[in-house]
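Student: Can we go through a structure together? I'd like to start with what sits inside.

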Amino acid sequence: MSANGTDEKHAAGDDPSETTDGSGSPEATEAVETPGTETDAGSTAVAAAPDPENTVWRGPAAWIVPALTAILGLVAVWGAVTIEAPPNVTPPGPGAFPGAVGVLLLIAAVCMSVVNLRNLGSGKGASPLAWFEGRPVLLVLAGLVVHTALLEFVGWLLAGALLFWVVAYAFGARAHLRDAIVALSMSAAVQVGFSLGLGLNLPGGFLELVL
Amino acid sequence: MDTLINLMDGLAAALTPQNLVWAFLGVLLGTAVGVLPGMGSAMAVALLLPVTFRLDPTSAFILFAGVYYGGMFGGATTSILLNTPGQASSIATTYEGHKMALKGRAAQALGTAVIGSFVASIIGTLVVALFAPVMVEFALNFGPGEYFALTVFSFVAVAAVVSGSVLRGVTSLLIGLAIGMVGIDAQSGTARFDFGAASLMDGIDIVIVTVGLLALGEVLYIAARGKSAPNFAAIRTGRPWLGRKDLRRSWKPWLRGTALGSAFGPIPGSGAEIPTFLSLGMERKLAERRERRTGEKSEFGEGAIEGVAGPESANNSSAAGTMVPLLGLGLPTSATAAIMLAAFQQYGLQPGPVLFERNADLVWTLLASLLIGSVMLLVINLPFAPLWAKLLKLPKPYLYAGITLFSVLAVYAINTSVTHLVMLLAIAVLGLVMRTFGVPVAPALIGVVLGPIAETEFRRALAASSGDPSILVSSGISVGLYALVLVAAVLPLIAYLRRRRATARATADVKEPAERP
């Protein structure tokens, strides 16, 4: 890492209010943005790792977070308006706080949209999803869904082992037999440790009936 | 002088070989549970509560003290090594601690954390013992208006930990506040945002949010990163002991962190995370000032040891500080304290002013056992810090599979409910989206924890004054806190404007950075 890059990173990092979007002229934004990306590229430990917190959003994916924020804001405001407060409640009722948070969420969504539109003209930034690999994520999520669905039927031992195996597979483990043995022993160790040592009963599933 | 004698009596009562074994076991179990990502000291104490049914109160409290401190240190270990803090109070440690680990200084980070924790808990316990009556009086002065000012202050302090865009940080905070609104409104009993589901009436448990956003969100994020993910195999654990330079840079942050933690710990509702973030921010500013004055480079942003030493001490001394309202008022101010309150009640003891009179010996034994627990922490974890650091040598697929397994376990263990696992999935996906788009997750966690407190105190204050908002600024304490809020908000703005001018000058001049000393 060059001394140059490090110094500038500090200059850029020492002020929490400093923003890569939000307020400020495009020039100031650029002055902040460049050192950050430069340091990241030069860092050896995390080779070529993108730093999402300092990435300026670009492309269609840039609208995902503003959209989600706006939806959340609308839900909050809708909830605040439709809330059924008991008649004897004192003035700032149960709807006041959700309403305030909802309006602030909508304002945040608008601000992020404005930043997006402004970046559209300046042509900088990167697609936030450039490095995103969907397959392992879907595998892990599938493993979690299956685990949740099966836990109380097949018991912790098998459901836990399956979850361990699937996640290990998603992260690139390919020694299937060894993975399975590790998965089963982890799951068994947890079940035994928690049941005997801590008195927490994990579901035994159908194995409980067999044994 | 009385208190010292009492404390000595407590020590004498607690220092039996048998109790030392309990302390040892407690620290070991606490650390073991604490190093599991997503599980902190609260979880460790909760899981061990049934085990202590068969012990006498003294042994049980010594076990708890060991578990408490062990769990806190375990949380620091995962923050440093895996970037997955087990509890809100170790979030601040992740920023510099994990960067130190990535630079091959994991053992030094762990070393400064364990010594800092030791120093802080010894001093913190002594402070509690000596100033308990005074601090109780101070804490009693807080009305709803002051509590609300305190939460506003913490929201602003969040800005200090956001490294990138403030807008994204604020969005994250708001998302956290929104999550915290789910469930029955404590003031009016109205169900809010339950979408017709009975399981949402109780709200979304903080453990689910923590595990989902931090642990499982991280697993999904690393999975999405694929080849561009950080490579732990490259991390060397390095020399196990702190060098002279590390010590020289650590001892002042230890003391400053301890002071902050002791000051905030007894204030109900402030929790351990506020002093940790304040300490992190303060050490960062001090390092920058030192850089300007003496030219010694600030390492903040790439693994500064001060950024581990300060927050970790603050964390532990505030843990000791939470004993003040717990013992003095019967008011638990953290999740762990809430579980310890349950433990007290299990022995038929009701913490509060009466406890100091009726079971004074037990109170002093508990304080003494905190001392014993911190000594044990040092004895067990300083030599083994490099061993915990070896955790990173595990094959990556197994490491993340293990984290996933324990995340699911931690959430399932709350109430053995599959519904909680469904919530966990949803929160984990939210965590993945936030990480992917660079929306920091820490502010969201703070929002979830403090949002309900802020709302309750705000409405309680207005109810007390029958709608007159002037109650919010009616006392010196709240006015002082709002003044601090203004300072915290305005100072960075001034610094930003100054830098902007400097940059503008520099670009107008030659293309050369103007801030270089």
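**Cores and helices**

Tutor: This is a predicted model. Its largest nonpolar core has 118 residues. The residues with the most contacts inside that core are A:F164, A:V167, B:A178, B:L220 and B:L445.

Student: Which helix of chain A gives the most to this core?

Tutor: Helix 5 of chain A, residues 134-170. It puts in 16 residues.

Student: And which domains of chain A does the core draw on?

Tutor: Domain 2 (60-126) and domain 3 (134-210). Each gives at least three residues.

Student: What is A:V167 in contact with, leaving aside its neighbours within four places in sequence?

Tutor: In chain A, A:V140 and A:G143. In chain B, B:Y400, B:A401 and B:T404.

Student: Switch to chain B. What span should helix 2 have?

Tutor: Helix 2 of chain B covers residues 17-34, so 18 residues. At 1.5 Å a residue, the span should be 26 Å. The end C-alpha atoms are 25 Å apart, which agrees.

Student: Which of its residues are buried?

Tutor: Among them are B:W22, B:A23, B:G26, B:V27, B:G30 and B:G34 in helix 2 of chain B.

Student: At what angle do helix 5 and helix 12 of chain B pack?

Tutor: About 145 degrees, with their axes 8 Å apart. Helix 5 of chain B is residues 91-102, and helix 12 of chain B is residues 306-321. Their crossing is left-handed.

Student: Which residues make the contact?

Tutor: From helix 5 of chain B, they include B:A92, B:Y95 and B:M100. From helix 12 of chain B, they are B:G307, B:V308, B:P311 and B:E312.

Student: Last one, B:G71. Buried or exposed?

Tutor: B:G71 counts as buried because it has 34 C-beta neighbours inside 10 Å, and the cut-off is 20 or more. B:G71 sits in helix 4 of chain B, residues 57-82.

Student: How far is B:G71 from B:V35?

Tutor: Their C-alpha atoms are separated by 7.5 Å. Along the chain, B:G71 and B:V35 are 36 residues apart.

Methods:
Residues numbered from 1 in each chain as written. Chains lettered and ligands numbered in written order. Predicted model: local features only at pLDDT ≥ 70, side-chain atom pairs only at ≥ 80, totals over all residues. Core = buried A, V, L, I, M, F, W, Y, C linked by C-beta atoms within 7 Å. Buried ≥ 20, exposed ≤ 12 C-beta atoms within 10 Å, placed from the backbone. Helix = DSSP H or I, 4+ residues; strand = E, 2+ residues; numbered from the N terminus. Domains from an automatic or database assignment. Contact = placed C-beta atoms within 7 Å. Expected span 1.5 Å × (residues − 1). Axes fitted to C-alpha atoms, helices over the stretch in contact; angles between N-to-C directions. Left-handed = near helix turned anticlockwise from the far one by under 90°.
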